[in-house]
Structure formats: C-alpha cells, structure tokens
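Subject: Structure for your review

Dear colleague,

Please find below the structure that I am handing over to you.

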Amino acid sequence: EVMSAIESRSDVDVRLIALNGQDPNFRLSEDVAFIEAMKQKMLHCMIYGNPKKDPESFTGLHLRYNDPKARCADMIVNADKDASGNTGFASIYMAVWGDNTVHGLFPKGSNAGLNQQDLGEGDALDAKGNKYRAVSSLFTWDAGLCVKDWESAGRIANISKAKLEAGDINLIDLLIDLTERVENQSAGKPVIYVPKSVRTALRKQILAKNNVNLTWDTVEGKRVLAFDGVEIKALQALDYTEAAYKAA
C-alpha cells in the first residue's frame, strides 16, 4: 500500500501575537485553518486518492471501486445505467472500519494522526518574499488506507444532482442494495459517506411515516443520521465531479 506524506506550516506574525497579549488561544485560532485544511486533504485522499496523479496521496476508495472488470465490481451499485459524461456525477461510499476489514495505515516508527511541532520564533516569508518574524508550527500527517477485505466496502455510483433534486433517484432502494452487498459489518464499524446534498435529501425522507430504514440515532451523545443502524456522514470531499461509471 502507498503512504501519503502531507505537510503544512503555519507562520503567525509575532506582532499580531503581541497585539493579542501573548494569548496562546490566538495562536491556536490561527493554526485551526491549517489543521482543517490537512483534515480535508486526508478525507479527499480517502475517497479520491490516486498516487499516479498526486504523489502526496494514497489509493482511495474511488480508484479501488471503479473498474467494471475487477472482482470488486460486485460491490458497485449503479444508480443510473444510462449515465454518460466525464464529470457531473457523485457517489455514496460505505466502509466497515476494522483490523480485518478496512483500516488506516501509518509508517513504522511514526505516530498515527496529525502531528504538530512547535518551531518557535524565526524568519518567515510573506506572499512577496519579504522576511518577517513569526512563531511557526509544522503540521505533518503520514497515512495510508488498507482495504484488507474488498467485500467490506462498496459504492453507489452515477448519482446525478439534477435527478436527485427532481426526486428521480430512489436513495432508499440504492442504500438497501449497498448495505446488502457489504459484508462483515459486525466485524468493525460500518459508515456510509455521502455528499451533503444526499444527506439533505435523506433528512427530508426521514419524515415519511413509512420510511423505517432511516433513523436518528445517538452516538457518543450526538444525534446522527443512520440507515439500518449504519451511521451516515456527509463529506465535503464528495461532490459532483466524478465521471460516469459504465458497468462491464
């Protein structure tokens, strides 16, 4: 498996820190944007990572579940068999997170997750290349993805935003097909990842009295949307930028 090495550096002007009374919370607030950017990059890699196009990324779920001739094509549900075009479609992905199903990786000798190193005060460069004094933080994240059991993940392909908004896509039937195909759900934590627009559509469908598959569950004290007990998470990385999937 390929590992990614994502790195970012935050430089906060010492004059701004002084103006804010050396408050450590101010520096943290400036670093938050870098931390969020690193998180979104990692989530994007989890779905769309392709080391051949982006050397910093690892192999994501989309690349693993996009070949109609591969064995794992059985795990792909086609939402629109007549779909065509090089862009304009989104997908729903499902993974069962566990040691023997789907799990993250990190290089031997390194730490899991986001690492932050305080570099202290030094010279930094502004957008024009001019030096200024700054307090710097270095953020690094080395990670990868391992699909140990290909039947423990799956995808619903060819979701058109226009058809979704027109109500021409039966999300419930598609989710039933997906959850029935994904195996070993009791061997880990199954999660369904959807675009925000799909989550919005599902929230509206939860109001239907005959819709017993969709529920509001409580996980770690928070209300989460679930389908047959599987948590549904909306990802910013998922958007209508995928090419049409053509089954073999």
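The notes below set out what was found in it.

This is a predicted model, in which local features need pLDDT of at least 70 and side-chain atom pairs count only at pLDDT 80 or more, whereas totals for chains, interfaces and linings use all residues. Residues are numbered from 1 along each chain as its sequence is written, and side-chain values use heavy atoms, with hydrogens and water left out.

Overall features

The C-alpha trace of the protein spans about 60 × 40 × 35 Å along its principal axes. Its secondary structure comes to six helices and eleven strands; these are DSSP runs numbered from the N terminus, with helices being H or I of at least four residues and strands E of at least two. Of the 248 residues, 43% are buried, where buried means under 20% relative accessible area, exposed over 50% and partly exposed in between, with a 1.4 Å probe and protein chains only. The protein exposes about 13,700 Å², and carbon and sulfur atoms supply 48% of that area, as computed by the Shrake-Rupley method with a 1.4 Å probe. Among contacts (heavy atoms within 4.5 Å) with a separation of 6 or more, 75% are between residues 24 or more positions apart.

The nonpolar core

The largest nonpolar core has 56 residues, and Ile92, Ile192 and Leu202 have the most contacts inside it. Such a core is a set of buried Ala, Val, Leu, Ile, Met, Phe, Trp, Tyr and Cys residues joined through side-chain atoms within 4.5 Å. Leaving aside neighbours within four places in sequence, Ile92 is in contact with residues including Ile156, Leu171, Leu178, Ile192 and Val198.

Cysteines and side-chain pairs

The count of disulfides (pairs of cysteine sulfur atoms within 2.5 Å) comes to zero. For Cys45, the nearest cysteine sulfur is that of Cys146, 16 Å away. Cys45 counts as buried because its relative accessibility is 2%, and Cys72 counts as buried at 10%.

The charged end of Arg223 sits over the ring of Trp216, 4.6 Å from its centre. The rule here requires NZ of Lys or CZ of Arg within 6 Å of the ring centre and within 35 degrees of the ring normal.

Two residues with positive phi

Most residues other than glycine have a negative phi. Asn184 has a positive phi near 55°; it lies in the loop between α5 (171-181) and β8 (189-194) and is partly exposed, at 37% relative accessibility. Asp228 also has a positive phi, near 50°, and is found in the loop between β10 (222-227) and β11 (230-234). With a relative accessible area of 47%, Asp228 is partly exposed. Not counting residues up to four places away in sequence, Asp228 touches Thr179 and Asn213.

Yours sincerely
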